[in-house]
Amino acid sequence: MIIKTIFSGFGGQGVLMMGISLAHSAMNKGYHVTYLPAYGAEMRGGIANCTVAVADEEIASPVASEPDYLIAMNAPSLFTFQNKITSGGTIFLNSSIVKDRPNRPDVKVCTVPCVDIAQDLGNPRVANIIMMGVFIKKSGIVPDDIYLKSLETIMGSKKKGVAEINRKAFAAGFDYLKD
Amino acid sequence: MAKKVFGRPKSLKDKIFHYCPGCGHSIAHRLIAEVIDELDIRGITIGVPPAGCAVLAYNYLDVDMIEAPHGRGPAMASGIKRTLPDRIVFSYQGDGDLAAIGIAESFHAANRGENISVIFINNAVYGMTGGQMAPTTILNQKTTTSPAGRHKILDGYPVKVSEFFSQLEGVTYIERCMVNSPTNINKTRKAIKKSFQCQMDGMGFSLVEILSPCPTNWKMNPIDSCKWIDEVMSKTFPPGVFKDNTASVKKAAEGAS
Amino acid sequence: MNKVLMSGNNIIGEAAIRAGCRFYAGYPITPQNELTEYMAEHMRNAEDGVFIQSESEIAAINMVAGASAAGARVMTSSSSPGISLKQEGISSMAACELPGIIVNIMRGGPGLGNIRPSQGDYFQATRGGGHGDYRTIVFAPATCQELADLTMDAFDLADKYRTPVMILADGMMGQMMEPVIFKKPKKRIYSDDFILKGAGNGKSKFIRGLLLDVIDEEEHNWKLARKYSVITKNEIRREEHQIEDAQLVIVAYGTAARIAKGAIKRLRENGMKVGLFRPITLWPFPELQLRALAANVKNFLVFEMSTGQMLDDVRLSLQGYAHIDFHGRPGGAVPTPAELANVVARLYEKVD
């Protein structure tokens, strides 16, 4: 098994952190992982994105030519990557700010108004964690408890409050999907 | 019994200098050796000779030495000093080495306030390569690459290292000296000693610029060369102390302790 | 030992510090800035650790040379254009027989090029790079784990042979994160006869690269050459992957070799018997090991993220023994395993 995911959005939306948290938790689950950030000459603007590969065998290329999942946190990300997704793959859309929908009939779409949910929680900055809640539940790559532990490790346990907010945000995303 | 009043410094190897008659390098080498003896630091001194005539300094100075690529002496000296902070580290550089190809390394070592000593030989020409124009060649001075004389529009102006470096906050002590007369040679020895002492006291970067005769490339005899330093060269490069913060640094250190 | 998730650039830094590197100088350049930043942050906590952000790459390599002469384990790093600037110092360190590690996180070239991953510096790395008759050992890691292991090994070899060692990776290796386990570093073994510490009460020493006497310089060159032949005899490393039944073997290193492994997986799923020969030391190049494969395999494809540089070494190894094809993507382009698989499939048709 090998699963490749692209996380993409504006710089500042926390998309690299989303990728690192997935990679970290998959490592802790015992999988092979690679995390590859796109890097540019500019410090601000443009889209930030990263690719995470999770596999039960050695990973050859950390690049995804046909990713299984796309997490599009803004519209440019959708336009840039929607045609790379493998047939039958899933696009997770931040529907709070993306009004367009994918042009692919052969991919599944999961719309998540993650910024609105975050605002309801009183913290618009945790939209990415909410999206991760949805993604972790739907993809099933790693169990939620392993993911939450990784999230805490990555964010550092400096501020207790932050961990609590993140856990709440993750739960809100996790529970958003009714299955 | 006769008292010995003059002899070869211990830190100078028993070898005959290869330098041209009248060259200032031999004098500068000897002065460094005398100062090392006087401060009794031969065993803890590491020198960095440059590319140029003085590349062979390790043949004469009886201390540990490592040759630097052209201009890179202060970078190398920084690496040595930071690794062995209790050693006395000096770089010995010519005008092309310091003020042209190695200006960045010299400037930034000074600006970082590296606790090293730089002995800077300014003879206004590239010596080893045969008398080409140096960054310190004075206006109208003829060299093999400024055959009509250095022209301010074509060639720019002589670089005044002591004036320029003394503006840097990282620098503790800078003096420009000459080795064209016994009096001046004594002043130069004092300056070198002060520079080494400054380092031993942990006071930071110091530089001694030495106006030094190069009779061969100046196409003069040694006596005229010494006169030329007095009458011409020192008008562009006036001798003197350009910066001396040793007293205030000492005071601050005492205040802190 | 704990498995940690780190980027390639940070892994090199951590491995270096664990291996006892106590002097680092460097200048910012993408895509290796994270390594310089890592050293800035972590040298502070290492006992006797020194970090200097130098004014240029030229200054960095000379600082490192000075610190090496003074006995420290030393490293500098940069990316392609900056490595060009370091060549003067690398040549000088080779001449003066000073150990030290130079990391090149390659980007697209020539000139300023771009900041994408590339393999255009193979010639520069393996042919000496600077002036004069010398070589540097060149490691080409392909995984983050190998980055950690080879960085540690590089320090040991640099000391063993008193020579600069280069770690040649690319922007992808530098930026990518993978889980890594840091092995226990070996104890530093080396003779400190050449180190300058001040003469004490003894005889003074000097280290020099200028030998004006022709016979002295010739003798020094032969001495270096003898050292390089010992290295060639003892230090070659390579990986052979699925070559037992291979009809066609891809020769690739670093990131290109990873892509090749992906391609091989696809090709084998379609019944094509393709293997990989991956040089881990680019110099010394595993020439005889590659030639030995030609006893059974008659078709080789060299795949590089360049217009064909390692290709020269493969030709020296295989010319007259086997057929050699080439596929390259220079300038920062990173091909996919699918693309390479297509290229190989077309060649494979002709093999049967």
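This is a predicted model: local features need pLDDT of at least 70, side-chain atom pairs count only at pLDDT 80 or more; totals for chains, interfaces and linings use all residues.
Residues are numbered from 1 along each chain as its sequence is written, chains are lettered from A and ligands numbered from 1 in the order written, and side-chain values use heavy atoms, with hydrogens and water left out.

**Who touches whom**

- Two pairs of chains are in contact, and chains B and C share the most contacts (contact means heavy atoms within 4.5 Å).
- Chain A and chain B don't touch, and their nearest C-alpha atoms sit 26 Å apart.

**The B–C interface**

- Chain C puts 35 residues into this contact and chain B puts in 31 residues.
- Together the two chains bury about 2600 Å², with 59% of it on carbon and sulfur atoms (buried area is the accessible area, 1.4 Å probe, that two parts lose on being put together, summed over both).
- On the chain C side, C:Glu55, C:Ser204 and C:Phe206 lose the most area to chain B, together 19% of what that side buries.

- B:Arg72 forms a salt bridge with C:Glu88, with the closest N and O atoms 2.7 Å apart.
- Strand 3 (50-53), helix 3 (57-69), helix 4 (80-96) and strand 9 (206-207) of chain C each supply at least two residues of the side that touches chain B (helices, H or I, at least four residues, and strands, E, at least two, are DSSP runs numbered from the N terminus).
- Helix 3 of chain C gives the most to that side, with eight residues.

**Strands across the interface**

- Strand 2 (residues 64-66) of chain B and strand 9 of chain C run parallel and are joined by two bridges (strands pair if DSSP finds at least two bridges between them).
- In strand 9 of chain C, C:Ile207 stands opposite B:Ile66.

**Aromatic pairs**

- Over all chains, the structure holds 19 aromatic pairs (rings of Phe, Tyr and Trp, its six-membered ring, with centres within 6.5 Å; planes under 30 degrees apart are stacked, over 60 edge-to-face, the rest tilted).
- A:Phe7 and A:Phe135 have ring centres 5.7 Å apart and planes at 75°, so this pair is edge-to-face.
- That pair links distant parts of the chain, 128 residues apart: A:Phe7 is in strand 1 (residues 2-10) of chain A and A:Phe135 is in helix 4 (residues 127-139) of chain A.

Methods: A salt bridge is a side-chain nitrogen of Lys or Arg within 4 Å of a carboxyl oxygen of Asp or Glu.
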